[in-house]
Amino acid sequence: LMIIFYLAEKLTILNDRGIGMLTRIYNIKKACGDPKAKPSYLIDKNLESAVKFIVRKFPAVETRNNNQQLAQLQKEKSEILKNLALYYFTFVDVMEFKDHVCELLNTIDACQVFFDITVNFDLTKNYLDLVVTYTNLMMLLSRIEERKAIIGLYNYAHEMTHGSRYVRVLGQMIVDYENPLKKMMEEFVPHGKSLSDALLSLQMVYPRRNLSADQWRNAQLLSLISAPSTMLNPAQSDTMPCEYLSLDTMEKWIVFGFILCHGVLNSDQSALSLWKLALQSSTCLCLFRDEVFHIHKAAEDLFINIRGYNKRVNDIKECKEQALSHAGLMHRERRKFLRSALKELATVLSDQPGLLGPKALFVFMALSFARDEIIWLLRHADNIQKKSTDDFIDKHIAELIFYMEELRAHVRKYGPVMQRYYVQYLSGFDAVVLNELVQNLSVCPEDESIIMSSFVNTMTSLSVKQDGDVFDFRGMRLDWFRLQAYTSVSKASLGIADHRELGKMMNTIIFHTKMVDSLVEMLVETSDLSIFCFYSRAFEKMFQQCLELPSQSRHSISFPLLCTHFMSCTHELCPEEVSSDVTTESQNLTVSILKGFPVPPVLLLQLLPKHCAKTISQAVNKKSKKQTGKKGEPEREKPGVESMRKNRLLVTNLDKLHTALSELCFSINYVPNMVIWEHTFTPREYLTSHLEIRFTKSIVGMTMYNQATQEIAKPSELLTSVRAYMTVLQSIENYVQIDITRVFNNVLLQQTQHLDSHGEPTITSLYTNWYLETLLRQVSNGHIAYFPAMKAFVNLPTENELTFNAEEYSDISEMRSLSELLGPYGMKFLSESLMWHISSQVAELKKLVVDNVEVLTQMRTSFDKPEQMAALFKKLSSVDSVLKRMTIIGVILSFRSLAQEALRDVLSCHIPFLVSSVEDFKDHIPRETDMKVAMNVYELSSAAGLPCEIDPALVVALSSQKSENISPEEEYKIACLLMVFVAVSMPTLASNVMSQYSPAIEGHCNNIHCLAKAVNQIAAALFTIHKGSIEDRLKEFLALASSSLLKIGQETDKITTRNRESVYLLLDMVSHVRDWPTIESNIASFITFEVLFYNILLTHSNLSV
């Protein structure tokens, strides 16, 4: 009795352990097939001869008499024991598993157990599963090429270390199962009766499941609306668990089972029919994961050597031809039918989820059927034996998977509905029917009576109002499994073979209990697609095909959802597999959505002003009737043509892109999150993060910066492109529930910094570098001039034309666009970079001052002595360098003033009230305010683009130049002498041809008009740092400059004085650039007029001021 009761437990345990052993053997095979993961002893050249010797002599390797061949292994024996232990003991576990299986099979034969899949379903299924698992394990073991080397190496190391081998019979098992199927055919001769009985019970199930799509369609399989009057009736079947039994599993039972007990094929026609039907359905079967078994070749090789099996060999060849020619088409039509059937089923259940109760069987049947077809396609597409591959490419597979996921979602969401329905069904109907069957039993021994009564009592006591109690019928199901074993033996008092209705009723009840407490397990059993984890190439290929087909793109979320299945493919006997991360399988999903984005910005760029030139030219030529050629210039399409259509049926490319976008966004929005291993994957957040990355790259890419040619997009064009791109991104909010404003804020704020969060350059750094290194450098080289009247930098006519037009990058509109793009932070970085260049120029100027310090000290006190000044001036060195560097400083400051003005205009539009408050604060700061407080106010004002008397950025830049070796008094003296140096050097500008003043541009072509801004800003910054009087130093500068310029009027050399009138104007510019206070303004006017211009008028009466 105890042995019989233990049949259920042993079958359960051995089946689970068999899957675990398959997992471990599979991983060993993969490791040995990978050069990177293979044990080092198998690929070490120094050990190659020893390994070959062991394999050649396997399993009887005499270690004592072959020391010369195995000498290399002596030093490695401890490492071999350590590193090969896992492999070796896995083989030992396989041997032990084999022994346990053989023992159980013998016990089953001795008890003459009755098997019928329609009656004692659990017993028969577990028995057949064990046979197939055992067969697959031994076949997979034989595919490990290095098994002999591993076992031989470990045995040698163990014998050398401990004096004996660990397991002597293991090697013999490996040799015996060199051809596993042939060995097992001999091994299963005594088990043939039990195995064939179990297989023949499938003749009522398998042919009914293995039908064509037309037969399914004619029977209206899986349809809830084909018979509306019976829609609320519960789905019933005498073979309830067989209805959703995997077709793939049954085919493995039949093929492997009849190979092992092949004698019945010659004696029983029904067995032959079953076997041939299975051979015609597939060309290969799954051993484990992606390891496959090619049915026909293996069966033919086995049977061809058996006498009297010529007919069977011919049958195999015929079935192979049938499978190659018709199986692909049959399965393709099945998938086509299942797509429409599952869509209908999912649609009805989403509208009426209450039908999940009575029609739960339909749901699990649909899932099982679809799963079988998908796995068949996946396996055969990777192992094609036919020249034509059309039947193995299904671009609509994503749709079928999608409807499977939709049904799974319905079951998970409405599980409580199903639970409530079947709790009432068990207590109100099943318990009553079972009680009647038990009462009507003619013979019911005490043990069976106790178990059956417990079933009835358990179901009768059920109630939907069981607060706090968790339904758990696992004990009841295990008791029924035990009762099946007890009633299926030949000498049982109550034989289940004589009470088939009881077995069928109990199978139905077991299904109902699973609807209450095991819905998740049922979903795994009927719809698990974790096998995709081991077909990564096919997975990616199907995913790409899905994205390429517009009608399937909305189903692309199916593939990320498949990743949630991967957790079920691991086993506790191989825990290291759990660490694998599979979330990367869905990364291309979001990237693919963005493929439709670049087109709308391109269309909006057609509205840029520069593109209207051709249209205007065509209009002018048409008006003047000029012929541009023989055929005339083709009419240019105007922006907006793509939106014009004659009828609604006309679909443009843009329409298709929008449709594709909406379909893909539906896919992203389908589920809020999914759990993959220990990670929770949120598609919308994933989309948001990738939108940020893509938007960042697009913004930088749209600058079109070319470092080699120093070309870059105009700020206005970039701004237009960015706004167009943002408009497109905003449209995504119509399809996906994401916060696109957050994307804009994150990306655009990063673009105002020097580097983004990934350490990549931003548009701020690109434009800052371009303006400094390209535009302003060309200004220094004399190719570009600053025109105050135009408030822009303009190209000058030169021999070598520049590749860009400076005005198109520096006028008011472009600077405003730049301010819009860079924002206050970016403009501050631009200003700091400009000030860094100014500080480097000031540092060089100070060096020149130090070189001429004695002469400049004398000239500072001798400005009223013309003869002495003239003599001292000749002693000065690097006069031209001083003026050039000061001009460069002036040019940079002029560019900064343009940038600041543009920033002020932009901020006045966006935040007018805040800007006016800052401006009012700056204008009303008292003159007696402490300088530190005033500088804080100036810094605030400068950040808003407002002009300040003292530039805070320049003060900070020049403050960093303080040297520890020079005293503050000396620094102050150098600053004063710098102003003296500039003042006394100004007369030399009159001899320069380019110093001619142009009223049209309100400046000079050599940019010396920028000296005025340079003098004022540098003086204000330096004497703020050194706490000197700015006004006193500027008056001193005016006095020195006026005195120096007086001598120009007395010169008679025309070359020296060719542009003296233009140079005279510099003093007026100096006195008017700065925002002088009233009293100081009078002093400046007095000095300018009384000291300079009065004397000039007396000397040159023809000068017009």
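Predicted model: local features only at pLDDT ≥ 70, side-chain atom pairs only at ≥ 80, totals over all residues.
1. I974 sits in helix α43, which covers residues 968-985. What does I974 touch, once residues up to four places away in sequence are set aside? Its partners are K846, V849 and V850. Look at K847 as well: 127 residues separate K847 from I974 in sequence, yet their C-alpha atoms are 9.3 Å apart in space.

2. Now for the overall picture. The protein chain holds 47 helices and eight strands. Of the 1105 residues in the protein chain, 53% are buried. If you take the contacts between residues at least 6 apart in sequence, 78% of them join residues at least 24 apart. The I974 partners from point 1, K846, V849 and V850, can be looked up in the viewer with that in mind.

3. Is P180 buried or exposed? Its relative accessibility is 8%, so P180 counts as buried. P180 belongs to helix α8, residues 180-187. Ignoring neighbours within four places in sequence, P180 is in contact with M138, M139 and S142. N136 lies 44 residues from P180 along the chain, and the two C-alpha atoms are separated by 9.3 Å.

4. Next, an arginine in a helix. R339 is placed in helix α17, which runs over residues 310-351. At a relative accessible area of 14%, R339 is buried, since anything under 20% goes into that class. Which residues does R339 contact, leaving aside those within four places in sequence? They are D394, H396, E399, L400 and Y403.

5. On to helix pairs, starting with α31 (residues 683-702) and α33 (residues 740-750). Their axes come within 10 Å of each other and cross at roughly 40°. That angle makes α31 oblique to α33. The crossing of α31 past α33 is right-handed. On the α31 side the contact is made by E685, T688, L691, E692, F695, T696 and I699, and on the α33 side by I740, R742, V743, F744, N746, V747 and L748. Sorted by class, this contact has eight nonpolar, three polar and three charged residues.

6. The second pair is α22 (residues 474-488) with α23 (residues 500-517). These two pack at an angle of about 160°, and their axes are 10 Å apart. How do α22 and α23 run relative to each other, roughly parallel or roughly antiparallel? They are roughly antiparallel, because angles over 145 degrees fall in that class. The crossing of α22 past α23 is left-handed. From α22 the contact draws on R474, M476, R477 and W480; from α23 it draws on G503, M506, N507, I509, I510, T513, K514 and D517. By class, that gives five nonpolar, three polar and four charged residues.

7. There is also a hairpin to look at. Strand β1, residues 284-288, and strand β2, residues 291-294, pair in the antiparallel sense over four bridges. F288 stands opposite E291 in β2. Two residues lie between the strands of this hairpin, and R289 takes a positive phi near 55° there. Most residues other than glycine have a negative phi.

8. Finally, two glutamines with a positive phi. Phi of Q112 is near 50°, a positive value in a residue other than glycine. Q112 is found in the loop between α4 (85-111) and α5 (121-142). Its relative accessible area is 53%, so Q112 is exposed, the cut-off being over 50%. Phi of Q220 is near 50° too, again a positive value in a residue other than glycine. Q220 is in the loop between α11 (213-218) and α12 (240-243). How is Q220 classed by accessibility? At 45%, Q220 counts as partly exposed.

Notes:
Residues numbered from 1 in each chain as written. Heavy atoms only, no water. Contact = heavy atoms within 4.5 Å. Pairing = 2+ DSSP bridges. Axes fitted to C-alpha atoms, helices over the stretch in contact; angles between N-to-C directions. Parallel < 35°, antiparallel > 145°, perpendicular 65-115°, else oblique. Left-handed = near helix turned anticlockwise from the far one by under 90°. Nonpolar A, V, L, I, M, F, W, Y, C, P; charged D, E, K, R; others polar. Buried < 20%, exposed > 50% of the residue type's maximum accessible area, 1.4 Å probe, protein only.
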